[in-house]
Amino acid sequence: MLAYIIRRMLIMIPTLIAISIISFTIIQLPPGDFLTTYVAQLSASGEGIDQAELDALRHRFGLDQPIYVQYFQWVWNFVRGDFGHSFEWNKPVRSLIGERIALTILISTCTLLFTWIVSLPIGIYSAVRQYSWMDYFLTFFGFIGLATPNFLFALILLWFSYAYLGMSIGGLFSPQFIEAPWSFAKFIDLLKHLWIPVLIVGTGHTAKFIRIIRGNLLDELKKPYVTTARAKGLSETKLILKYPVRVAINPLVSTIGWTLPELISGIAITAVVLNLPTSGPLLLSALMSQDMHLAGSFIMILSILTVIGTLISDILLAWVDPRIRFGARESA
Amino acid sequence: MNEEQQRLEKYLNASTRQLVWWRYKKHTLAMVGLAFVVGLYLAALFCEVLAPYDKDSRFFDSVYSPPSQVRIFDKDGAIHRPFVYETILDIDMETQKMSYQENTDTMYPIKFFVRGDHYEFWGLWRSDVHLFGVDKPARLFVFGTDRMGRDLFSRCFYGSRISLSIGMLGVFMSLILGVTLGGVSGYMGGWADSVIQRVIEVIRCFPSIPLWMGLSASMPPHWPGLKVYFVITIILSLIGWTDLARMVRGKLIALREEEFVLAARFAGAGHLRIIFRHLLPSFTSHIIVTVTLAIPGMVLGETALSFLGIGLRPPVTSLGVLLKEAQNVTTIALYPWLLIPVLFVIGIVLSFNFVGDGLRDAVDPYSR
């Protein structure tokens, strides 16, 4: 098991390097460097900046160096936890994104748990009672859930609650808590608002998971060992929960790998619609104003998060499914 | 008995294509999806004729007009062919609230092949005939109008044209990338395989929307619409090809050891010929399924980017650009018809999924 984890972590290194190169490229893509934007902003507000000061700034941020030196400098700073400087906010990037990233992680974890808790019983039900009207209803509902993109669902929900329930469901905190420091009351307030984005982002994935569980379980239920167990007189509930369900869950663990990027994508855009204080809206405004250090750090951190998530899912899978563990030992 | 024999004979003599079509026809939802997709593509092709107004023609006195009420009963309760009344904008001077009153004096029946806005059909010839419409001064706004008094019904079809074409073009580019890279990876194996697989892994672990946002936001704002359109398509397909490449690779690895490949090699066929003449045709159906299921993702990607304001920009009209108007809660609470493009998006995504599922069941020889 340990050998497998170490091997798996070694594979991560080239992935992380590639991610950092892509993120750095995105930072560099807009014409000019970020000081150009800064100077444009200053002159727009009527302030000038003289050439000597500009050169000093250029030197300070290493912009006078060749591009690969800038890259290594950026990565090195990143590793040390210095994510650069946001010109739009005139603050270090780190102080801006910390809480937002934490909230993104919180929402994605909750959504993942939500999708599992909801989809597991429903998936088992519709497999065991295949072609019942409930199965048809859930399948239909699942298709709608799959086809409605998160942000449009958010939009519809937002409109519905505003027009018919007379309340606004945007945001993650009540107005009095937005600027308040963290306290127990604020946490409770957060929980009250959290279910909406969780529901919105989770619906599509719940539908997908129900289909996966249903399909797998249907395959398993046809296998001879189920008939054997039934012939031996095992009760139906115990029989289903103990053997076929355990096999049918496996792919669910392995899908965390591609679920996480989708969840984080979904949260990013839902957050813009619902005006959540997570990474999405700030990333968007950073991209709009070409505040590239902020935007690049966001993209880099979100990607690293998914890589770590995939790592955790692989380790979980190896723990659940011994075949993977032993396969790894042979080749290691 | 004889009839049954005939049927069996017909079954045994049928080509693969016919068998697939027969099996596909049994799938009701897939047929519904196919009808919707074909209908919408036709509508998108002929939207100049179908739409009662041009996508950019503005009615300054019909801003945020609700959908026209099509009636068959007049004010005395007599039945007529479908007609509308002329609507008159009424602004409450105190509250600045706009409302539309119907003038029930004259009826304006809905006519077919009426003359209206001029258009250039596919850039080939000029015309002004529209499939349906009403005489002036009445107006037919099937889905209402937007902030600038433009007909939403017409704009929805013009928007579908752009959104659907992005889906097609993006999938086409993904197809080229996916088949080429997946083909090299599966057929050659070795270091090329490992490199391509690593690249796919890296791309797949990027959260797509933040990456798309980053790439498309770096387009300079002064670029013309057409250029933005192509770059957006390229950005979408840069991520979309990985599924296809994985599928092609898996199939090629399974097939390359088959005898017919060996036979082709002995007959002196080159690698490219083997891949394109012998291997790819043996799983074209699977490629079609994957491609069909990839189109909704492209449409959604474009919608999401344009909705956020970093994708296509007006005057280019796509479903996402239309939805950008509906971003604000208060706007949609007052003018809920601005959400109608959502139904188009959901319809497109849903029917492509149905078609893809139906195809998958139909082409899979192991399914019943």
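Predicted model: local features only at pLDDT ≥ 70, side-chain atom pairs only at ≥ 80, totals over all residues.
Reader: How many bridges does E2(B) make with E3(B)?

Author: Eight bridges tie E2(B) to E3(B) (residues 98–109), and the strands run antiparallel. Thr87(B) has Glu102(B) in E3(B) as its bridge partner. These two strands also form a hairpin, with six residues between them, and Gln96(B) in the turn has a positive phi of about 65 degrees.

Reader: What about E1(B) and E2(B)?

Author: E1(B) (residues 71–73) pairs with E2(B) (residues 79–91) over two bridges, in the antiparallel sense. Arg71(B) is placed opposite Phe83(B) in E2(B). Five residues lie between the strands of this hairpin, and Gly77(B) in the turn shows a positive phi of about 90 degrees.

Reader: Switching topic: which domains does chain B have?

Author: The assignment gives domain 1 (57–150) and domain 2 (156–363); the bounds come from an automatic or database domain assignment.

Reader: How many residues of those domains are in contact?

Author: Seven residues of domain 1 of chain B touch six residues of domain 2 of chain B. A contact is counted if the C-beta atoms of two residues, placed from the backbone, lie within 7 Å. The centres of the two domains, taken over C-alpha atoms, are 39 Å apart.

Reader: And how many residues does each chain put into the contact between chains A and B?

Author: Chain B gives 35 residues and chain A gives 41 residues. On the side of chain B, the elements giving two or more residues are H6 (190–205), H7 (208–217), H11 (284–308), H13 (329–334) and H14 (340–363).

Reader: What does Leu283(A) touch?

Author: Leaving out residues up to four places away in sequence, Leu283(A) touches Ala268(A), Ala295(A), Phe298(A), Pro210(B) and Met213(B).

Reader: Where does UniProt put the transmembrane regions of chain B?

Author: The unreviewed UniProt entry places them at residues 29–51, 162–184, 228–248, 286–312 and 333–355. UniProt positions are in the numbering used here, feature names are shortened, and annotations may be inferred rather than shown by experiment. In the model, residues 228–248 of chain B are 100% helix and 0% strand, with end C-alpha atoms 30 Å apart. Residues 333–355 of chain B are 78% helix and 0% strand, and their end C-alpha atoms lie 34 Å apart.

Reader: Which residues of chain A get that annotation?

Author: From an unreviewed UniProt entry, residues 9–29, 101–124, 136–165, 194–213, 252–274 and 294–320. Of these, residues 9–29 of chain A are 95% helix and 0% strand, and the end C-alpha atoms are 30 Å apart. Residues 136–165 of chain A are 90% helix and 0% strand, with 30 Å between the end C-alpha atoms.

Reader: How many helices and strands does chain A have?

Author: Chain A has 15 helices and two strands. Among its contacts with a separation of 6 or more, 73% join residues 24 or more positions apart.

Reader: Is Ser86(A) buried or exposed?

Author: Ser86(A) counts as buried because it has 24 C-beta neighbours inside 10 Å. A residue is buried with 20 or more other C-beta atoms within 10 Å of its own, exposed with 12 or fewer, and partly exposed in between, with C-beta atoms placed from the backbone. Of the 332 residues of chain A, 34% count as buried.

Reader: And what does Ser86(A) touch?

Author: Ser86(A) belongs to strand E1 (residues 85–86) of chain A. Its contacts, not counting residues up to four places away in sequence, are Lys91(A), Val93(A), Leu96(A), Asp291(A), His293(A) and Leu294(A). Ser86(A) and Gln290(A) are 204 residues apart in sequence, yet 10.0 Å apart in space, C-alpha to C-alpha.

Terms used
Residues numbered from 1 in each chain as written. Chains lettered and ligands numbered in written order. Helix = DSSP H or I, 4+ residues; strand = E, 2+ residues; numbered from the N terminus. Pairing = 2+ DSSP bridges.
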